[in-house]
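Me: I'd like to go through a structure with you, feature by feature. Could you show me how to read each one?

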Amino acid sequence: MNVRCCASCGAAESDAITLTTCDACNLVLYCDEACQELHKPEHGAACSRKKLAERDKLLFRQPESNHMGDCPICSLPLPFDGLQYTLFPCCSKTICNGCDYAIEKSERKSGSKHTCPFCRHPVAQSVKEAKRDIKKRVKKNDRVAIRQMGLGLRKEGNYDGAFKHLSKAADLDDVEAHYQLSIMYQKGHGVDKDEQMEAYHLEMAAIAGHPKARHNLACIEGNNGRQKRAMKHLLISASLGDDLSLEELKIEYATGRGYVSKEDFAAALRAHQAAVAAMKSPQRDEAAGGPTWAWVRTGDRETLGQ
């Protein structure tokens, strides 16, 4: 019979003593906070190793898809290039340009106004109208709208306001907000430059499937001499369809230094091709070659058509 005991004082669990597990590592038990504090010098190193191992297990898990998910209309994976999908500021829904183009083409043919396919609100025809709609969503604590407001403020040079809004959106689990915060920490916009905080936000975004965040993590690891970890990141981001990651894997593989094996590179190449193919469709190809009618993009790039 196994007896559960406090790792610090050795007291056995009983009706009078309830033991709790170390929250950080789940390796040992304590009867109270005082015992846990006394045991820190002895347990600290093992606890840290366990935490790092668990974090790496989560960090280097291959996501099923990129952070954008699927287009809610055509059900195909959304591209993660900000110029290939459309955000409706009226309700913060995102669809691929192929579906938006098809909808708008049908509406123009019938002579009807271009409206949001979700809430039927008239689509914003200018940046001013888009900002108006975004502000309404911000009041409803919409994380996408809060992020968009932060990006708009950053574009205007209001870094304090941008940081405040992006931080709030990240607290609401907005993946893109984490990525954008990493950029602010990298450039020192509104905050002191901080590689540790940059890496934290990149990790949060990468775990959720953000390919560009994953690529930037690889850059940090590589610059700090951790080539094996850098290549792990590039293998994952390339498999999600990131072109730059694949190109850097190709360069590293060609050096013959052994950080990228033939099998790993071949697997990443196949996964990259599959991811890119999954994001293509005849409608999306048609939208790419058609006229850019008035719409407002997500990210910090706004494109208003004719």
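Me: How many residues lie between β3 and β4 in their hairpin?

Reply: Some ground rules: this is a predicted model, where local features need pLDDT of at least 70, side-chain atom pairs count only at pLDDT 80 or more, and totals for chains, interfaces and linings use all residues. Residues are numbered from 1 along each chain as its sequence is written, and side-chain values use heavy atoms, with hydrogens and water left out. Helices (H or I, at least four residues) and strands (E, at least two) are DSSP runs, numbered from the N terminus. Now your hairpin: four residues sit between β3 and β4.

Me: In which sense do β3 and β4 pair?

Reply: Two strands pair if DSSP finds at least two bridges between them. Here β3 (residues 85-88) and β4 (residues 93-96) run in the antiparallel sense, with four bridges. Tyr 85 has Cys 96 of β4 opposite it.

Me: What is the phi of Ser 92, and is Ser 92 buried or exposed?

Reply: Ser 92 belongs to the loop between β3 and β4. For accessibility, buried means under 20% relative accessible area, exposed over 50%, and partly exposed in between (1.4 Å probe, protein chains only). Ser 92 has 13% relative accessibility, so Ser 92 counts as buried.

Me: And what about Arg 120, buried or exposed?

Reply: Arg 120 also has a positive phi, near 65 degrees, and sits in the loop between α2 (97-110) and α3 (127-139). Its relative accessibility is 55%, so Arg 120 counts as exposed.

Me: On to helix packing. At what angle do α4 and α6 pack?

Reply: Axes are lines fitted to C-alpha atoms, for helices over the stretch in contact, and angles run from 0 to 180 degrees between N-to-C directions. For α4 (residues 143-155) and α6 (residues 175-187) the angle is about 25 degrees, and the axes are 10 Å apart. That makes α4 roughly parallel to α6, since angles under 35 degrees count as roughly parallel, over 145 as roughly antiparallel, 65 to 115 as roughly perpendicular and the rest as oblique. The crossing of α4 and α6 is left-handed; that label applies if the near helix is turned anticlockwise from the far one by less than a right angle, and right-handed if clockwise.

Me: Which residues of α4 and α6 meet?

Reply: Contact means heavy atoms within 4.5 Å. On the α4 side you find Arg 147, Leu 151 and Arg 154, meeting Glu 176, Ala 177, Gln 180, Ile 183 and Met 184 of α6. The residues of this contact divide into four nonpolar, one polar and three charged. The classes are: Ala, Val, Leu, Ile, Met, Phe, Trp, Tyr, Cys and Pro nonpolar, Asp, Glu, Lys and Arg charged, and the others, Gly among them, polar.

Me: How far apart are the axes of α5 and α6?

Reply: Those axes are 8 Å apart, and α5 (residues 159-171) packs on α6 at about 145 degrees. The contact of α5 with α6 has 10 nonpolar, three polar and no charged residues. This crossing is left-handed.

Me: Last one: what does His 189 touch?

Reply: Leaving out residues up to four places away in sequence, His 189 touches Tyr 159 and Met 184. His 189 lies in the loop between α6 and α7 (195-207) and, at 23% relative accessibility, counts as partly exposed.
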